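The tour below goes from one selection to the next and says what is to be found at each stop.

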Amino acid sequence: MERKFKVGVLGATGMVGQRFISLLENHPWYEVVTVAASPRSAGKTYEEAVGGRWKMTTPMPEAVKKLVVMNVNEVEKVAAGVDFVFSAVDMSKEEIKAIEEAYAKTETPVVSNNSAHRWTPDVPMVVPEINPEHFKVIEFQKKRLGTKKGFVAVKPNCSIQSYAPVLTAWKEFEPYEVVATTYQAISGAGKTFQDWPEMEGNIIPFIGGEEEKSEQEPLRIWGAIQDGVIVKAQEPKITCQCVRVPVLNGHTAAVFVKFRKQPTKEQLIEKLVNFSGLPQELKLPSAPEQFIQYIEEENRPQVALDVDFERGMGVSVGRLRKDSVYDWKFIGLSHNTVRGAAGGAVLCAELLTAQGYIERK
């Protein structure tokens, strides 16, 4: 690669923005040259703007400390110095939609962690191992936006990463009804225990908007492009409850599945451990070698032991067993701010780069 792509991070001072910064340190393809955030952070160095709010366990990368934070609303100015941007802005949905499209219209591709565009019909929402073909809808989006290179692509919600890949691996057995309960880490709300002491020793049985996302977003991922838009799949029907638990990183799911074709336990496990996709085939820098691991021990997967599997980009599954009401049940675990947020977006960008959608300006 003759030179690294110049990357901007929008919303760089928040938790997901920080995760982007830490994941992109020493990335073989990408270099963070621009950080942008709200007007109150603009003009300060990144180190000053973040201050004592650095939430990663690894130190702030030296390369970004002295970057001067730009005002994310100065779209043309920010876009001028980068090949593409990652978006983790903290605004209302309508504001996010508007600003991400504004960046796209400057011929700057936007790879977003936000939910605002997940149901925009011509915006691909992609887990690269599951539905990379949805990137083809970008050509229709460009026509709508009037762009040659600019577009918006998004990754799905963090809550579905621990079970949607599993159900995809089992597609040939035709899962048609799913009950899932997710036990979600506090970093999913952009918090640490320092920020949110009332979560210690506590469970909150409500996360706003999360259940609808957990039920509907997998159907969009399993959908198809028709007449220039993505039409969601009709099955499996998913019902979900989402619970906030006192864990820093890692979303766990307890899942029950009914199948039209009855698989054996051995068949189900074989499909999981052999499931891979384009990122593995292309050996993309952030791709896990093993996307899904199956753990035999009865007391796994555990957040403390398994959340960092494949640098947080893999999914861990255990406790697969027959159920007395449904056919099978299992426990899934994924890292919500790596695979479920910034890491998933970085992998999307790598695939978009490999396929020629992201180019140097």
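Is Arg311 buried, partly exposed or exposed? Select Arg311: with a relative accessible area of 49%, this residue is partly exposed, where buried means under 20% relative accessible area, exposed over 50% and partly exposed in between, computed with a 1.4 Å probe on protein chains only. Its side chain meets that of Glu310 in a salt bridge, at 3.8 Å from N to O, the term standing for a side-chain nitrogen of Lys or Arg within 4 Å of a carboxyl oxygen of Asp or Glu.

Before moving on, note that this is a predicted model, in which local features need pLDDT of at least 70 and side-chain atom pairs count only at pLDDT 80 or more, while totals for chains, interfaces and linings use all residues. Residues are numbered from 1 along each chain as its sequence is written, and side-chain values use heavy atoms, with hydrogens and water left out.

**Salt bridges**

A search of the whole structure gives 18 salt bridges. Select Glu47 and Lys66, whose side chains meet at 2.9 Å, N to O; this pair links distant parts of the chain, with Glu47 in helix H2 (residues 46-50) and Lys66 in the loop between helix H3 (62-65) and strand S3 (70-71), 19 residues apart. Helices (H or I, at least four residues) and strands (E, at least two) are DSSP runs numbered from the N terminus. Glu47 is partly exposed at 31% relative accessibility, whereas Lys66, at 59%, is exposed.

Go next to Lys271 and Glu172, which form a salt bridge with their closest N and O atoms 2.9 Å apart. Here too distant parts of the chain are linked, since Lys271 belongs to helix H9 (residues 265-273) and Glu172 to the loop between H7 and S7, 99 residues apart. Lys271 counts as partly exposed at 24% relative accessibility, and Glu172 is partly exposed with a relative accessible area of 46%. To end this part, select Glu101, Asp122 and Arg144 together, which are linked in a network of salt bridges.

**Aromatic rings**

Rings of Phe, Tyr and Trp (its six-membered ring) pair if their centres lie within 6.5 Å, and planes under 30 degrees apart count as stacked, over 60 as edge-to-face and the rest as tilted. By this rule there are 14 aromatic pairs. Select Phe151 and Tyr357: the ring centres are 6.4 Å apart and the planes stand at 75°, so the pair is edge-to-face. Phe151 lies in the loop between helix H6 (138-145) and strand S6 (152-154), and Tyr357 in the segment after helix H12 (338-354), 206 residues apart. Phe151 is buried at 0% relative accessibility, and Tyr357 counts as buried at 15%.

Phe173 and Phe259 form another edge-to-face pair, 6.5 Å from centre to centre and with 90° between the planes. Phe173 is buried at 6% relative accessibility, as is Phe259 at 3%.

**Pockets and cavities**

On a 1 Å grid over the protein atoms alone, a cavity is a set of points where a 1.4 Å probe fits but cannot get out, and a pocket is an open set with protein on both sides within 12 Å along at least five of seven lines; lining residues have an atom within 4 Å of a point. Grid points are joined across faces, edges and corners, and a volume is the space filled by probe spheres set on the points.

The largest pocket has a volume of about 1,100 Å³. Select Val16, Ala88, Val89, Asp90 and Asn114, which lie nearest its centre among the 43 lining residues. Helix H1 (15-23), helix H5 (93-105), helix H8 (210-221) and H12 each give two or more residues to this lining, and H1 gives the most, with 3.

The second largest pocket holds about 290 Å³ of space, and of its 18 lining residues Arg19, Thr57, Asp308, His335 and Val338 are the closest to the centre.

For the last stop, turn to the largest cavity, with a volume of about 40 Å³, and select its lining: Val126, Val127, Pro128, Lys155, Pro156, Gln161, Arg339 and Gly344.
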